[in-house]
Amino acid sequence: MAGDPRRFDDLFQEFGPIAIRRFFGGEGIYCGEVMIGMVFDDTIYLTTDAETRKSFVAEKCKPFKFTKRSTGEVVSTHWYAVPERLYDGPDELAQWARVAFSVASNSETSRKKQAKRARAPAQKHSKRQA
């Protein structure tokens, strides 16, 4: 599963600094606090939305899928494997990663986390005054 947390630094060099963190049975790829991708079985997946997913589908990339233990249902996610050619093209991978960062930054989940972080210091400050 988890390997060297710096193993993708060269690949993402043109994009900018990333961090690899544990994520369920794989790893998440983060830019700051925003999760733009994930790694499962040595495959990099980037987050997509309805519009950006078209580029992945055009490249015949597959979505990340998992099976729910409780029901056996196979769930297809919005995370898509990067095209194989991007593993040898950091410049172009950076473009795809920037798009994923934009999608992730503007997602409802990301907005909720940002709002929660913005409230946290104010809540701590008000507790100290009480």
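Colleague: What percentage of the 130 residues in the protein is buried?
Modeller: Buried residues make up 37% of the 130, where buried means under 20% relative accessible area, exposed over 50% and partly exposed in between, with a 1.4 Å probe and protein chains only. This is a predicted model, where local features need pLDDT of at least 70, side-chain atom pairs count only at pLDDT 80 or more, and totals for chains, interfaces and linings use all residues. Residues are numbered from 1 along each chain as its sequence is written, and side-chain values use heavy atoms, leaving out hydrogens and water.

Colleague: OK, how many helices and strands are there?
Modeller: You'll find 3 helices and 6 strands; these are DSSP runs numbered from the N terminus, with helices being H or I of at least four residues and strands E of at least two.

Colleague: And which order do the elements run in?
Modeller: From the N terminus, β-β-β-β-α-β-β-α-α.

Colleague: Which way do β4 and β6 run?
Modeller: Antiparallel, with 3 bridges joining β4 (residues 43-47) to β6 (residues 74-81). Strands pair if DSSP finds at least two bridges between them. Tyr45 sits opposite Ala81 in β6.

Colleague: What do β5 and β6 form?
Modeller: A hairpin, with 6 residues between them. Gly72 in the turn has a positive phi of about 80 degrees. The two strands pair over 4 bridges in the antiparallel sense.

Colleague: Switching topic: why does Phe15 count as buried?
Modeller: Because its relative accessibility is 14%. Phe15 lies in the segment before β1 (19-23).

Colleague: What is Phe15 in contact with, leaving aside neighbours within four places in sequence?
Modeller: Its contacts (heavy atoms within 4.5 Å) are Cys31, Ile36, Ala94, Ala97, Arg98 and Phe101.
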